[in-house]
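Thanks for coming. Please have a look at it first.

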Amino acid sequence: MIKEIIVVEGKDDTAAIKRAVEADTIETNGSAIGEEVLRRIELAMERRGVIIFTDPDHAGERIRKIVSQRIPGCKHAFLPQEDALYRGDIGVENASPEAVRRALATVRTEGAAGEAEITHADLMEAGLLVHPDAARRRLLMGNRLGIGYCNGKQFMKRCASFRISRKEFREALEQMKEEIGS
């Protein structure tokens with residue numbers, strides 16, 4: 001049983017979570033999150049803690065941002081796009097129970113961005129910015145670090161808010177380089 005309440009987008013996501021683990025969920029019913037849902041999430045955070053587990057797409061990122069801005073200190077589970085894809089549809093509901101468990105095993109807690117260990121120069125050197133293959137490299141790195149896919153600016157913010165260490169970053173970078181052969 002997962003102690004925290006998992007915030008998902010809809011009932012099909014709840015079904016996917018329940019196939020994988022024993023947990024309670026709150027459904028946002030899409031990206032137009034109502035005040036009542038946000039109050040329920042706030043109460044859940046106070047009583048049990050919250051894990052935000054939204055689809056790895058634009059709408060999912062929008063929901064993640066709305067909830068985490070309103071309710072600081074949430075935990076985040078990220079599902080790689082390839083684990084959420086079925087016949088052109090991207091969503092948590094498409095993930096296998098194993099993929100859901102992997103994502104929940106690598107939950108990250110968001111904190112106040114302090115002194116960032118990962119710098120703009122680190123991202124440039126790793127080919128995550130201003131590189132012909134930067135988007136793909138950020139996708140691979142984000143999956144390895146458990147912070148999901150995002151643009152360069154957001155990648156740097158996530159490294160800071162999830163307190164990615166230089167050691168974690170270097171290890172993920174080496175794994176990525178081995179995979180892509182560079």
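First, the ground rules. This is a predicted model, in which local features need pLDDT of at least 70, side-chain atom pairs count only at pLDDT 80 or more, and totals for chains, interfaces and linings use all residues. Residues are numbered from 1 along each chain as its sequence is written, and side-chain values use heavy atoms, with hydrogens and water left out.

Now the helix pairs. Two packed helices are described by the angle between their axes and the distance between the axes. The axes are lines fitted to C-alpha atoms, for helices over the stretch in contact, and angles run from 0 to 180 degrees between N-to-C directions.

Take helix 2, residues 35-47, and helix 3, residues 58-70. Their axes are 10 Å apart, at an angle of about 60 degrees. Helix 2 and helix 3 are therefore oblique to each other. For the cut-offs, under 35 degrees is roughly parallel, over 145 roughly antiparallel, 65 to 115 roughly perpendicular, and the rest oblique. Helix 2 brings Glu35, Leu38, Arg39, Ile41 and Glu42 to the contact, and helix 3 brings Ile66, Val67 and Arg70. Contact here means heavy atoms within 4.5 Å. By class, the contact of helix 2 with helix 3 has four nonpolar, no polar and four charged residues. Nonpolar covers Ala, Val, Leu, Ile, Met, Phe, Trp, Tyr, Cys and Pro, charged covers Asp, Glu, Lys and Arg, and the others, Gly among them, are polar.

Next, helix 6 (residues 134-145) and helix 8 (residues 166-180), which pack at about 125 degrees with axes 9 Å apart. Helix 6 and helix 8 are therefore oblique too, and helix 6 passes helix 8 in a right-handed crossing. Residues of the contact include Leu140 and Met141 of helix 6 and Phe169 and Leu173 of helix 8. The residues of this contact divide into eight nonpolar, one polar and five charged.

Now single residues. Is Thr28 buried or exposed? Thr28 is buried, at 2% relative accessible area; buried means under 20%, exposed over 50%, and partly exposed in between, with a 1.4 Å probe and protein chains only. Thr28 lies in the loop between strand 2 (25-27) and helix 2. The side chain of Thr28 reaches the backbone oxygen of Gly30 at 3.0 Å. Beyond four places in sequence, Thr28 touches Val7, Val8, Glu9, Ile33, Val37 and Ile63.

Thr25 is in strand 2, and the side chain of Thr25 makes a polar contact with the side chain of Thr14 at 2.8 Å. A polar contact is a pair of N or O atoms within 3.5 Å; within protein, one must be able to donate a hydrogen and the other to accept it, and residues adjacent in sequence count only if both atoms are side-chain atoms.

Gly111 sits in the loop between strand 7 (108-109) and helix 5 (120-125) and is partly exposed, at 21%. Finally, Gln154 of helix 7 (residues 152-161) is also partly exposed, at 31%.

Conventions: Helix = DSSP H or I, 4+ residues; strand = E, 2+ residues; numbered from the N terminus. Left-handed = near helix turned anticlockwise from the far one by under 90°.
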